[in-house]
Amino acid sequence: MKGRFFLVDDIQRVQIAGLQQALVDGDAHTTNELEVLRRRSIQQGIQLEEVSTMVNILARMLIESSSIDPKVLAYRVEAELEERRAPVPVPTTAATCVLCGANRTSADVEVTPYGAVCEPSCP
Ligand SMILES: [Zn+2]
């Protein structure tokens, strides 16, 4: 089996981009908040690596036992990822921020892969 089905690098890139955006938006005001974000990012990276390793071992075992076709598996994983990456539809009248839980109008939120987030910054 070539390649990995669970792309930790992609997810870490999204996390880092999120942290950088928080800095640009001024959401992270203090050194302490930045430290919390840095530590959380590292912890999530470690957890993702563990999950990635387990998923890859399971996939390899299933392929080696001829339980699944690696091409079919790769195709289905890619199809699932494409579906998950599709923008989450935001209601035109209101949206709830996934970070702070505030109810906003659709004009006051940005749609992210995780849901609506206050725009320009979350209080
Ligand atoms: Zn918010």
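**View 1. Strands β3 and β4 pair in antiparallel fashion in this predicted model.** Strand β3 covers residues 109-112 and strand β4 covers residues 115-118, and four bridges join the two. Within the pair, V111 of the chain has A116 in β4 opposite to it. In a regular strand, side chains alternate between the two faces of the sheet.

**View 2. Helix α3 spans residues 70-85.** From the first C-alpha to the last, the 16 residues of α3 reach 22 Å, close to the 22 Å expected at 1.5 Å a residue. The number of buried residues in α3 is zero, so the helix lies largely in the open. Here a residue counts as buried if 20 or more other C-beta atoms lie within 10 Å of its own. Among the elements of the chain, α3 has the highest mean pLDDT, at 91.

**View 3. Helix α1 comprises residues 8-25.** Its mean pLDDT of 67 is the lowest among the elements of the chain. For the chain as a whole, pLDDT averages 81, and 75% of the residues score at least 70.

**View 4. The whole chain is shown for context, with three helices and four strands.** Along the sequence, these elements follow the pattern α-α-α-β-β-β-β. Of the 123 residues in the chain, 3% are buried. Among contacts between residues at least 6 apart in sequence, 39% join residues at least 24 apart.

Terms used: Residues are numbered from 1 along each chain as its sequence is written. This is a predicted model: local features need pLDDT of at least 70, side-chain atom pairs count only at pLDDT 80 or more; totals for chains, interfaces and linings use all residues. A residue is buried if 20 or more other C-beta atoms lie within 10 Å of its own, exposed if 12 or fewer, and partly exposed in between; C-beta atoms are placed from the backbone. Two residues are in contact if their C-beta atoms, placed from the backbone, lie within 7 Å. The expected span of a helix is 1.5 Å times one less than its number of residues. Two strands pair if DSSP finds at least two bridges between them. pLDDT is the predictor's confidence in each residue, from 0 to 100.
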